[in-house]
Structures are given as C-alpha cells and as structure tokens.
Amino acid sequence: MSVARSVALFLVAALFEIGGAWLVWQGLREHRGWVWIGAGVIALGLYGVVATFQSDANFGRVLAAYGGVFVAGSIVWGVVADGYRPDRYDIAGALICLAGMAVIMYAPRGH
C-alpha cells in the first residue's frame, strides 16, 4: 500500500472518529438530542471499519500510529468547529505526535 493511500485512510478514520465523538458531545453536553448521539455512534463505528483497511496487519501498530493523527486532527477539529485557538505547545505536541505516527507506520522494517 502506498504511503499516500495509508495517510488518506488515516484522515478518513480521523473524520469519522473525531466527528463521531464531537456529535456525541454535542448531543449530550449541548443538549442537541438523541439524533446527534446516534449519528455519532454510527460515525464511531465507521471509524473502526476504515481502520481495518490499512495494509499493516498489526492492530496495535495501526491504532498506535492513528493516535498521532487523532491528536493533531482533534486540534484542527477544535479550530474549525469550535473556534478553539491552539497555543504553541498544542501545535508542537501535535507535530511530535505526527512525527511519532510516521516512525511507527512508515519506518523501513526490512520485511
């Protein structure tokens, strides 16, 4: 699998997981109701499906690498959806997480 396809899958997974969690948050914390919560639960389930399309057969590796995407994506989601303004430490931390993701997923392993 190409790195580009793998990254695209991580981005789609992030959209479903972060979006799903945000919908549940909106349904419960912002009192938007069960339709929002239900949509969030469906999106979270789709995240699990998308993650299985990564070519690496190691669940732990894929989910660990996805963690870096989740951290950075959550900050971006907060900026776009909630007007959150990250500080330099948020940005530095997200970049460190993305670097970790790249090492975990794309380091040459010789197999």
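**Inside and outside of a helix**

Author: In H4, the buried residues are Ala-94, Met-101 and Met-105; buried means under 20% relative accessible area, exposed over 50%, and partly exposed in between (1.4 Å probe, protein chains only). Helices are DSSP runs of H or I with at least four residues, numbered from the N terminus. This is a predicted model, in which local features need pLDDT of at least 70, side-chain atom pairs count only at pLDDT 80 or more, and totals for chains, interfaces and linings use all residues. Residues are numbered from 1 along each chain as its sequence is written, and side-chain values use heavy atoms, leaving out hydrogens and water.

Reader: Within what arc do the buried residues of H4 fall, seen down its axis?

Author: The arc is taken from the directions from the helix axis to the C-beta atoms. The buried residues line one face of H4, because they fall within an arc of 15°.

Reader: Which helices are among those that cover the buried residues of H4?

Author: On the other side of H4, Arg-88, Tyr-89, Leu-95, Ile-96 and Val-103 are exposed. The cover over its buried residues includes helix H1 (3-29) and helix H3 (59-82).

Reader: Is Gln-26 buried or exposed?

Author: Gln-26 is part of helix H1. Leaving aside neighbours within four places in sequence, Gln-26 is in contact (heavy atoms within 4.5 Å) with His-31, Arg-32, Trp-36 and Asp-82. Its relative accessibility is 5%, so Gln-26 counts as buried.

Conventions: Helices (H or I, at least four residues) and strands (E, at least two) are DSSP runs, numbered from the N terminus.
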